[in-house]
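Let's take a walk through a protein fold, starting with the overall layout and then going inside. Keep the picture open as you read.

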Amino acid sequence: MSMLDRYKKPGGFVQLLALVETCGQAKQEKFLEIISKEDSHWADAIKQKMLTIDRIYSWRDEQLAEIFGTLQDLTVAVALFAADETLRARINGYFSHGRKRKIEDLFGTTKPSPAEILATHMKIIESVRKMEQDGFLRFEKFDADLEVSEDIEDHLAKKAAMAPEIVTHAYAGLEVDGFEIVRPDTPSSPANDVSESRVMEIQALKKRVAELSKETAMLRHELSLARSKLDQIRKIA
């Protein structure tokens, strides 16, 4: 079984995307090279949809304030240690005076190693991915290229069918994190004889459920913010 065979199922693209985007650079490049050899369409899609710390830092203050508001103080301090002065000042502007003082204290006593900085960046990427999945971030509103459609696996399969690619022997027997990359000797078994209309119906229902879940999460978040503002108003009054 090739590596991509594990992910050519509903939700598999997002699983592989999360795996690749939270690897170190060397391992990430190796993964992308292997994926490209198996199916260049998948590799191109992964590269387009992949989160990086630089891409996250390029977003507007509205999104960054939302993200850093959910992070632990130590995570923020390590992230600030690796940031330039402009970005550091920008991030510090998202916090209340009390929290800013706590983070500054940690920043003054923290001297993270390159490995710890990398781990922190991966943690931020994981947090952003989860916020998007839970509906707290909507990529289509500020970075539309990152949005992953519910039927992306089918879309990529159609692309591959239109321009079939052959996996070379170059990666036969290679193993990366337990994934053995082999060239199949025989054609893939035929797909189950499932009615196309039934499949489309199921996909439409799954998409609707996902949309409703995101909307529910967003409403809960907005309600939490409203309650917080109301509490502040009551304290001032």
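Start at the N terminus and follow the chain: the elements come in the order α-α-α-α-α-α-α-α-α-α-α-β-β-α. That gives 12 helices and 2 strands. Helices here are DSSP runs of H or I with at least four residues, strands are runs of E with at least two, and numbering goes from the N terminus. Before going on, note that this is a predicted model, where local features need pLDDT of at least 70 and side-chain atom pairs count only at pLDDT 80 or more, while totals for chains, interfaces and linings use all residues. Residues are numbered from 1 along each chain as its sequence is written, and side-chain values use heavy atoms, with hydrogens and water left out.

How much of the protein is buried? Of its 237 residues, 32% are, where buried means under 20% relative accessible area, with a 1.4 Å probe and protein chains only. Now think about contacts, meaning heavy atoms within 4.5 Å. Among contacts with a separation of 6 or more, 75% join residues 24 or more positions apart.

Next, find helix α6, residues 73-82. Its buried residues are T75, V76, A77, V78, A79 and L80. What covers them? The cover includes α4 (53-57), α5 (61-68), α7 (85-92), α8 (97-109) and α9 (114-133).

In soluble globular proteins, nonpolar side chains tend to be buried together. A nonpolar core is a set of buried Ala, Val, Leu, Ile, Met, Phe, Trp, Tyr and Cys residues joined through side-chain atoms within 4.5 Å. The largest one in this protein has 27 residues, and I56, W59, F68 and V128 have the most contacts inside it. Helices α4, α5, α6, α7, α9 and α10 (139-142) each supply at least two residues of this core, and α9 gives the largest share, 5 residues. Zoom in on I56: leaving aside neighbours within four places in sequence, I56 touches L51, L64, I67, I124, I125 and V128. Apart from this core lies another one of 19 residues, including L17, F31, A45 and M50.

Finally, look at a pair of helices, α3 (residues 40-49) and α11 (residues 152-162). Their axes come within 9 Å and cross at roughly 140°; axes are lines fitted to C-alpha atoms, for helices over the stretch in contact, and angles run from 0 to 180 degrees between N-to-C directions. The two helices are therefore oblique to each other, a word for angles that are not under 35 degrees (roughly parallel), over 145 (roughly antiparallel) or 65 to 115 (roughly perpendicular). On the α3 side the contact is made by H41, W42 and A45, and on the α11 side by E153, L156, K159 and A160.

Conventions:
Buried < 20%, exposed > 50% of the residue type's maximum accessible area, 1.4 Å probe, protein only.
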